[in-house]
Structure formats: structure tokens, C-alpha cells
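Me: I have a structure to read and would like to learn how to go about it. Could we take a few features in turn?

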Amino acid sequence: MPTSLPPAAALQTSALDKDELASLPAFQRTAIELRDRIISGRLQAGQPLAEQELASEWGVSRNTVREALRFLHGEGLVEYRHNHGVSVRCLSRQDVRDIYRTRRYIELMAVQMPETITHYHLDRLRQPLDLSVQAAAGDDWQAVGTYSLRFHQCLVHMLGSARLDAFFTVLVAQQRLLFASGQYESAFQQPWLERDRRLWQLLSEQRIAEAAQMLMTYLEESERQIMDTFAAPQERLFQAL
């Protein structure tokens, strides 16, 4: 049974506070909600996005939803297919390589700046870690994946750049589209739970070089795991783990 945990979206490291979010146009607020649903795993790659259904759910016009979907198309999160409408985007091998190239650059920069690793940021990093442990205990592996992504958002947040936070939020949403789902999700997520905790421990002890090396290895192995899913059916791949 899934655990009763705070919504993972509540941990989002956004450059916008609630007042700023409320001041945005309706289409942009709708786009942010859809993006958060992707990050939390509630929307998955290939899933259709019907304008009328979304408009009814949020009490907005179809034109607002249409503009939100165009916004997300610009972020690389949805795709338009002739005679099939709009769906959540399915990413390619090239997307995987590009996502991880970018993650290595930004996240390694974050952990290699000792002055940014403060008690405040360590406390922020600890929140999604503790919640991921609770989620794993409740066999809620979708939430575990989401909290892991929130942990890495908190890493980037240490850099103190609202622009990087906003950019990395989109990157995290794209990353989520690469995750295994359903019955394969636990095997997919289990290897990373303890590694996130170990990375936090190294940072809390100011063991910067070790943390950077661990993160580099972490991202390399994560990329390899994702690339393997393109080469083998999920069932065969995760039976081997």
C-alpha cells in the first residue's frame, strides 16, 4: 500500500513563491501544474493530453490549455502528432546523452563549492531523503523516484541561481520521462535510494572531493541504466537486476 506522505510537488525548488505563481497568466500556471504532474510520475511518456478534459478539470478555457501545451512543447515535454493530437513526449537516446551531459555539469558545480553547503541547504536536502525512505517502506516507488529528483533539485538550488533552478526543473521533468514505471519501478529506483543518502552524508561532512567523485559515478551509472532500457525490454532488463 502506498504511504500517506506530503505531495512531492511541495518540495519543488522553484524560483517562484506562491504570490508570484498566482500572478502568472492562467496558461503558465496550467503549464506548471502539468509539468509537476510529469515530475511526480502522474503523467508518463506517450500519455495523451486531451484539451477538453484538462480544461474541465481546472475550470479554464480550451484556449488556456492550448497555450499551456505550447509552452510545454517549447520545454521539450510534450509533442504534437498529426491526427493524434498532443501527448507527453517520448525521449530518445540522444535526449538521454544530452540530459546527463547537462546534469553532470550543473550538479558537479553545485557540490564542488564548499561555501554553498550550509546547514540550511543540508536541511533542505534531508527532507526528500527522509520522505523517500518512508515511501520505500510503504512500497510507493513512484514517490521514491519523485523524491530522488527533488533531492537533486535541492543540490542545484545550493548554487543560489533562480535561473538555474528554473532550467533544472525542466530538465528534471525530462528525466522523469525516462524512468521505468509500474511493476518495474521498484527495481529501477532501489539502487539510488542509498546512494542519495550517502551523497548527503559526504556533503554534511564537507568531504567535497569524495562527494564529487561519487556524484560523477552516480550519474554515469544512472545514464548507463537508462540507455540499457532502450536496448532491452523492461521485463528482461529488470529481471537481471
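Me: Is F27 buried, partly exposed or exposed?

Reply: This is a predicted model. F27 has a relative accessible area of 27%, so F27 is partly exposed. F71 is partly exposed as well, with a value of 27%.

Me: How many aromatic pairs are there, and how are the rings of F27 and F71 arranged?

Reply: A pair of aromatic rings is described by the distance of the centres and the angle of the planes. The count here comes to 3 aromatic pairs. In one of them, F27 and F71, the ring centres are 6.0 Å apart and the planes stand at 70 degrees, so the pair is edge-to-face. F27 belongs to helix α2 (residues 26-39) and F71 to helix α4 (residues 62-74), so the pair ties together parts that are 44 residues apart in sequence.

Me: What kind of pair do F179 and F188 make?

Reply: A tilted one, because their planes are at 50 degrees, with the centres 5.3 Å apart. F179 is buried, at 15% relative accessible area, and F188 is buried too, at 2%.

Me: Which residues have the most contacts inside the largest nonpolar core?

Reply: In soluble globular proteins, nonpolar side chains tend to be buried together. The largest nonpolar core in this model has 57 residues, and L49, L125, L155, L199 and L203 have the most contacts inside it. Helix α10 (residues 208-231) supplies the largest share of this core, 9 residues. A separate core has 8 residues, including L131, A135, W141 and V144.

Me: What is L125 in contact with, leaving aside its neighbours within four places in sequence?

Reply: L125 is then in contact with F151, C154, L155, M158, W200 and L203.

Me: How many cavities of 30 Å³ or more are there, and what lines the largest cavity?

Reply: There are 2 such cavities. The largest holds about 110 Å³ of space. Its lining has 13 residues, and R103, S148, F179, Y218 and S222 are the closest to its centre. Two or more lining residues come from each of α5 (93-111), α7 (141-157), α9 (185-204) and α10. By class, this lining has 6 nonpolar, 6 polar and 1 charged residues.

Me: Which residues line the second largest cavity?

Reply: The second largest cavity, with about 30 Å³ of space, is lined by S132, V144, S148, Q189, W192, L193 and D196. Helix α9 gives the most to this lining, with 4 residues. By class, the lining has 3 nonpolar, 3 polar and 1 charged residues.

How values were computed
Residues numbered from 1 in each chain as written. Predicted model: local features only at pLDDT ≥ 70, side-chain atom pairs only at ≥ 80, totals over all residues. Heavy atoms only, no water. Core = buried A, V, L, I, M, F, W, Y, C linked by side-chain atoms within 4.5 Å. Buried < 20%, exposed > 50% of the residue type's maximum accessible area, 1.4 Å probe, protein only. Contact = heavy atoms within 4.5 Å. 1 Å grid on protein atoms, 1.4 Å probe; cavity = no way out; pocket = protein on both sides within 12 Å on 5 of 7 lines; lining within 4 Å. Points joined across faces, edges and corners; volume = space filled by probe spheres on them. Nonpolar A, V, L, I, M, F, W, Y, C, P; charged D, E, K, R; others polar. Phe/Tyr/Trp six-rings, centres within 6.5 Å; stacked < 30°, edge-to-face > 60°.
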